[in-house]
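Subject: Structure handover

Hello,

Here is the structure I said I would pass on.

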Amino acid sequence: MNADLSRRHPAGREEDSLPLPFAERELPAGRHQFHKERLMAQIHEDLRAADAGGTTGTVRPVRKARRRPFLNRAFLVPAAAFALAGAIAAGFLTYVDQGGADGTGSTIATGPAMTTRIGAADDGKGTPQLLDRISLAAASVGGGSKVRADQFIYIGSKTATTYVKSSGNKNTLVSEELHMRHQWNSPDGLDGWLIEPGNTGPKGVTLGGKNEKGETPTPYLNAPSYNYLAGLPTDPDVLLKKIYEETRGMGRGPDQEAFTTIGDLLRSSLPPAELTVALYKAAAKIPGVVVVDDAVDAAGRHGLAVARLDEQSGQREEWIFDRQTLTYLGERTVQVRGEAGEGGLIKPGTVVFTTAVMTRTVVDRMKEIPASAG
């Protein structure tokens with residue numbers, strides 16, 4: 001499945017790589033398919049290591065996640081994985097360039113928590129016009145040729161999250177290192193691979209195979225394949241109706257879940273050009289969607305943002321676009337109102353999630369990294 005690969009997740013591992021801990025919070029409905037796949041990979045690796053006489057990790061329960069009871073299983077997290085590099089960041093999201101496995105340099109976010117200036121949101125009246133301009137820009141780029149069955153969708157992105165780690169009675173706010181993620185998916189969604197330095201080990205983990213019931217997964221809205229996306233309606237009204245119907249009862253309200261679902265599709269897949277245009281036009285019809293004057297993606301690129309505030313959590317999801325070309329850059333989630341997390345450690349200005357899409361293209365082979373990916 002081409003599940004969402006850019007949110008906080010339990011790490012699968014290969015050989016002696018050390019995964020990062022799972023977030024201590026409930027997950028939006030659209031994130032669970034990926035978590036399930038990664039947990040399966042984690043369990044398989046742990047069982048393999050145990051059979052080979054490998055090191056035993058510390059058992060740590062996973063907090064509940066709606067709609068995916070499988071996630072309640074415990075998984076192994078070595079204690080050493082909790083060690084994260086970083087210095088105090090004051091007031092703004094800052095970056096340090098360090099050499100790393102993801103290219104000529106590994107740009108990491110610093111601090112016990114990533115922080116940023118909270119951009120100012122408008123009253124929403126200008127949102128439809130901006131999204132119309134964004135859709136026109138997307139249409140002018142085009143979707144390229146049809147993806148062959150033997151090719152793969154490649155997405156290279158920089159990403160990081162901030163979360164609360166609980167140990168005994170102590171809660172600590174922790175930021176991942178900003179790192180590169182390389183993801184491949186076959187057009188039918190049945191084969192895939194993920195290489196995420198620091199999380200999966202140098203060889204990565206498979207995203208293919210059967211689910212925990214031994215069944216071949218069927219693509220759906222929150223875990224789509226390229227072929228599935230190609231079959232979605234491109235009439236914005238029909239598409240939005242389908243999104244509302246298929247996500248009913250998920251997330252924190254129908255409007256927020258619809259916005260999140262569209263954001264996942266824009267960020268974590270390669271929708272055909274006609275569908276991309278329809279997704280932007282559909283988003284313009286969701287109540288509460290606004291324009292934010294300034295936002296910065298995980299690569300440090302500033303732009304305008306189309307955003308929606310989750311009234312329950314106080315967190316605002318922001319889709320970031322280049323000011324001149326209106327090209328999609330990435331997405332981030334910022335705590336803008338109140339406090340969140342265990343003990344209210346996530347304060348306003350905390351970047352809970354950040355990503356920057358660096359390369360999105362079609363390649364001929366699994367694990368082929370385009371030169372443009374750096």
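The notes below go from the whole chain to single residues.

The model is predicted, so local features are given only at pLDDT of at least 70 and side-chain atom pairs only at pLDDT 80 or more, while totals for chains, interfaces and linings use all residues. Residues are numbered from 1 along each chain as its sequence is written, and side-chain values use heavy atoms, with hydrogens and water left out.

Confidence

pLDDT is the predictor's confidence in each residue, from 0 to 100. Its mean over the protein chain is 75, and 68% of the residues reach 70 or more. A contact means heavy atoms within 4.5 Å. Where pLDDT is low, the predicted coordinates should not be read in detail.

Overall content

The protein chain has six helices and 14 strands. Both are DSSP runs numbered from the N terminus: helices are H or I with at least four residues, strands are E with at least two. Of the 374 residues, 56% are buried. Here buried means under 20% relative accessible area, exposed means over 50%, and partly exposed is in between (1.4 Å probe, protein chains only). Among contacts with a separation of 6 or more, 66% are between residues 24 or more positions apart.

Helix α2

α2 runs over residues 127-141. Its 15 residues reach 21 Å from the first C-alpha to the last, close to the 21 Å expected at 1.5 Å a residue; the expected span is 1.5 Å times one less than the number of residues. The buried residues in α2 are T127, L130, L131, I134, S135, A137 and A138. They sit on the same side of α2 because they cover an arc of only 160° around the axis, the arc being that of the directions from the helix axis to the C-beta atoms. L136 and S140, on the other side of α2, are exposed. The cover over the buried residues of α2 includes α6 (273-283), β10 (289-296), β11 (302-310) and β12 (315-321).

β5 (residues 152-167) and β6 (residues 170-175) pair in the antiparallel sense over six bridges. Two strands count as paired if DSSP finds at least two bridges between them. T162 is opposite S175 of β6. Two residues separate the strands of this hairpin, and G168 has a positive phi near 65°.

The loop between β6 and β7 (179-185) contains L178. L178 is buried, at 1% relative accessible area. From C-alpha to C-alpha, L178 and A299 are 9.2 Å apart in space, although 121 residues separate them in sequence.

Salt bridges

Side chains of opposite charge can pair when their charged atoms come close. The cut-off used for a salt bridge is a side-chain nitrogen of Lys or Arg within 4 Å of a carboxyl oxygen of Asp or Glu. The structure has 19 of these salt bridges.

R148 takes part in a salt bridge with D150 at 3.0 Å, N to O, and in another with D364, where the closest N and O atoms are 3.6 Å apart. The pair of R148 and D364 links distant parts of the chain, 216 residues apart: R148 is in the loop between α2 and β5, and D364 is in the segment after β14 (351-363). R148 is partly exposed at 44% relative accessible area, D150 is partly exposed at 47%, and D364 is partly exposed at 42%.

E368 and R365 also form a salt bridge, with 3.6 Å between the closest N and O atoms. E368 is partly exposed at 23% relative accessibility, whereas R365 is exposed at 52%. A network of salt bridges links R117, D293, D294 and R323.

Positive phi values

Most residues other than glycine have a negative phi. L326 is a residue other than glycine with a positive phi, near 60°. L326 is in the loop between β12 and β13 (328-335) and is buried at 8% relative accessibility. K367 also has a positive phi, near 75°. K367 lies in the segment after β14 and is partly exposed, with a relative accessible area of 43%.

Regards
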